[in-house]
Amino acid sequence: FKVPDEISLLVIVVDVNPIWWGQQAQREQEFTLSKCLDAVMVMGNSHMAMSRTNKLAVIASHCQDSHFLYPSKSWKAGDDGADDASSSGDGKYELLSVANNLIAEEIRNVMSKTEVRGNSTDTLLAGTLAKALCLGQEIKSRILVIKAAEDCALQYMNFMNVIFAAQKQNILIDACVLDSNSGLLQQACDITGGLYLKIPQQVALAQYLLWVFLPDSEQRSQLVLPPPAHVDYRAACFCHRNLIEIGYVCSVCLSIFCNFSPICTTCETAFKIQLPQMVKPKKKKLKQTT
Amino acid sequence: MMKLRVQLQCKNLHEYLRELSPEILDRLYNHPATCLAVYRELPSLAKNYVMRMLFLDQPLPQAAVALWVKKDSQKDHDECVSVLGGLRLWHSQQLQGGLQGYILNPVFKDNLRTALLGGGTAWAEEGSTLGPDRHARDIESLDRYAMERWEVILQFMVGSPSAVSQDLAHLLVQAGLMKSEAGEAPYITSAGFQFLLLDTASQLWYFTLQYLKTAQSRGMDLQDYSVEGMSESLLTFLQHLREFGLVFQRKRKSRRYYPTRLAITLAAGVTTKAGFIVVETNYRIYAYTNSELQIALVALFSEMLYRFPNVVVAQLTRESVQQAIANGITAQQIIHFLRTRAHPVMLAQTPVLPSTITDQIRLWELERDRLQFTEGVLYNQFLSQADFEVLRDRAQGLDCLVWQDVAHRVMVVTPQGHSEVKRFWKRQRSHT
């Protein structure tokens, strides 16, 4: 007899940074944001097709904020609002139709209405991940991040907090990187036990998603998957957010600084350290030769 | 004459499908809905295999597929290969280098792709033109409806008065769950008892599979969802489904219908009713329910002591359990019944049911099993030891020797093997 399946949630976080995608459209016309979202929808559909109790959420991570592409209403209220949603009138499983239509509509809203203000051109990934974590509270869940733009060093602290929170809740973070490698995501995958992959061919995104990221943690134990990448574990200093190898650590709160300061900015402990005195080189009397 | 006990075979979807001929299977796979249902029943590793191959048009080398799993999971890989092959979801095809490859069944592949991505014809052809339903039912009331209908059927089997259509009664008889003597109302068989004690999902499967079998014999075809364009046989099928609680149709004449959760459960087999039975080590059973059906089920194998508005107290006794066993229920089924309906308080302890109770139920069953009957043909009065030994070895070689007594030169052979052994013996005698 079958054991009742438990609910398994997959949260797909898509980096929709308009600046990166705008540049991308000029670099590589075969792989645009629409194509990327198509692949994401195939992945989402496949996940939901796997089991009746699988659930999906898709969040778009923009420059200033993040938006839920699916589900658009609170999903805890019964089944995923299939009352008035339009079915596509074709052979697609109705639940998937509804989901795909919602996602398509929402992403159009997001991209047309969200403004990019001022200097903040980096994707707000940490905030999005925090939202994703809030979803997977009582149920088994995992997060898949589709990363486009580069890392933003300013988010280092928040990111690390999110990673450790995910680790505590046993939530895997997987990363599928489209362009440049992301040290933060490598750390996230390493710490939470997820998979990190920088895909060699962007156009084949759907195939990579299905082969590598579709199996859940139990199924992964049986399959041969890409090995973990070398992780850059350098910390970022709290004052400048630069990655440093050697620095100063506050003995009370363990904050990391690149330069010595007498008061720790995080916990405000005062330090009295005697720095080694700089020894002035003795001036040698030069013997003058004639 | 002791009747041999019939063990209820609760086959699952896969076993049923394996028995179908390839042409019928391909016809079944011509619908996205079926493909999705079959896909969901696969073991999870096989699901991944299918997904990986779903968007490929070329066959994959078998050696490459074998490398998909880690070394420890080689057995799981073999199981997948056998399941996917048995269901004809993929087959071998030779590649261009002479190597053997796997490729997905094209009918299955196309239709599963349609279910996932769209395209193709709608599952409900009229869905879009009907507009929103004025009497749209929400999930909960559909659930309740389904459970009510299902309970009506089960109550009919237990013998409580309930209204069930002729067709349904006939189906129950054909499924072997009930028997009807000429002119009398049907009564339950031992297979029916076993059926009652199963959990709802298994009951559904068994019932549906039986129905499909009879449908095939009646020449009806399966599938589809919308009412228009349905032939007479399909409409009858729909009415039957309605009665089983699998489908809700507001009136016989409404044009649309909703698969209830019971039908959806067929694809997943999840029952979420909370447990309500507490079993104590003094053989007392406390069932916190006032559903007539549940009480009747508990009464099948225990002695009712007291009844209150919300609880029923019963006692497991030797007589009651052996009575149930005489009716064809096995100890394992009783234990399974108690375990699946165990109260959350019971679920907190391990083992869920006290081991004294489970052991005792099994012992009571064994008490009746001291004798085991096997049919056979007796060979005796051999003239010499050598004759006996020759024939005995032959029977052993044919694997039909049931019992032998060397000292008295007596042996028993199965009825199936009897003709062969007899022929051999006659040949033997004509030679010597």
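## Report on a predicted two-chain model

Chain B contains 21 helices and 14 strands. The model is a predicted one. Of the 432 residues in chain B, 45% are buried. Among contacts in chain B between residues at least 6 apart in sequence, those joining residues at least 24 apart make up 61%.

**Confidence in chain A**

The average pLDDT of chain A is 81, and 84% of its residues score at least 70. Residues 74-87 of chain A have a pLDDT below 50, although this stretch has 15 contacts in the model beyond near neighbours in sequence. Where pLDDT is low, the predicted coordinates should not be read in detail.

**Salt bridges**

Over all chains, the count of salt bridges is 11. Side chains of opposite charge can pair when their charged atoms come close.

| Pair | Closest N and O atoms |
|---|---|
| D57(B) and K109(B) | 3.3 Å |
| E420(B) and R394(B) | 3.6 Å |

D174(A), with a relative accessible area of 0%, is buried.

In chain B, D57(B) forms a salt bridge with K109(B). D57(B) sits in the loop between α4 (44-54) and β1 (60-61), while K109(B) is in helix α7 (residues 106-117); the pair therefore ties together parts of chain B that are 52 residues apart in sequence. The two partners fall into separate accessibility classes: D57(B) counts as exposed at 54% relative accessibility, whereas K109(B) counts as buried at 7%.

A further salt bridge in chain B is formed by E420(B) and R394(B). This pair links distant parts of the chain, with E420(B) in helix α21 (residues 415-431) and R394(B) in helix α20 (residues 385-397), 26 residues apart. E420(B) is partly exposed, at a relative accessible area of 21%, and R394(B) is partly exposed at 27%. Elsewhere, K140(A), D216(A) and E218(A) are joined into one network by salt bridges that share partners.

**Helix α16 of chain B**

Which residues of helix α16 (residues 318-326) of chain B are buried? They are S320(B), V321(B), Q322(B), A324(B) and I325(B). The elements of chain B that cover these buried residues include the strands β10 (303-307) and β11 (312-315), together with the helices α17 (331-340) and α19 (355-368). Just after α16(B), G328(B) adopts a positive phi of about 110 degrees.

**Cavities**

The structure has 2 cavities of 30 Å³ or more. The largest cavity holds about 50 Å³ of space. Its lining consists of T123(A), L125(A), K147(A), E150(A), D151(A), C152(A), Q155(A), F159(A) and L184(A). By class, these lining residues are 4 nonpolar, 2 polar and 3 charged.

Definitions and conventions: Residues are numbered from 1 along each chain as its sequence is written. Chains are lettered from A and ligands numbered from 1 in the order in which they are written. This is a predicted model: local features need pLDDT of at least 70, side-chain atom pairs count only at pLDDT 80 or more; totals for chains, interfaces and linings use all residues. Side-chain values use heavy atoms; hydrogens and water are left out. On a 1 Å grid over the protein atoms alone, a cavity is a set of points where a 1.4 Å probe fits but cannot get out, and a pocket is an open set with protein on both sides within 12 Å along at least five of seven lines; lining residues have an atom within 4 Å of a point. Grid points are joined across faces, edges and corners, and a volume is the space filled by probe spheres set on the points. Ala, Val, Leu, Ile, Met, Phe, Trp, Tyr, Cys and Pro count as nonpolar, Asp, Glu, Lys and Arg as charged, and the others, Gly among them, as polar. A salt bridge is a side-chain nitrogen of Lys or Arg within 4 Å of a carboxyl oxygen of Asp or Glu. Buried means under 20% relative accessible area, exposed over 50%, partly exposed in between (1.4 Å probe, protein chains only). Helices (H or I, at least four residues) and strands (E, at least two) are DSSP runs, numbered from the N terminus. pLDDT is the predictor's confidence in each residue, from 0 to 100. Contact means heavy atoms within 4.5 Å.
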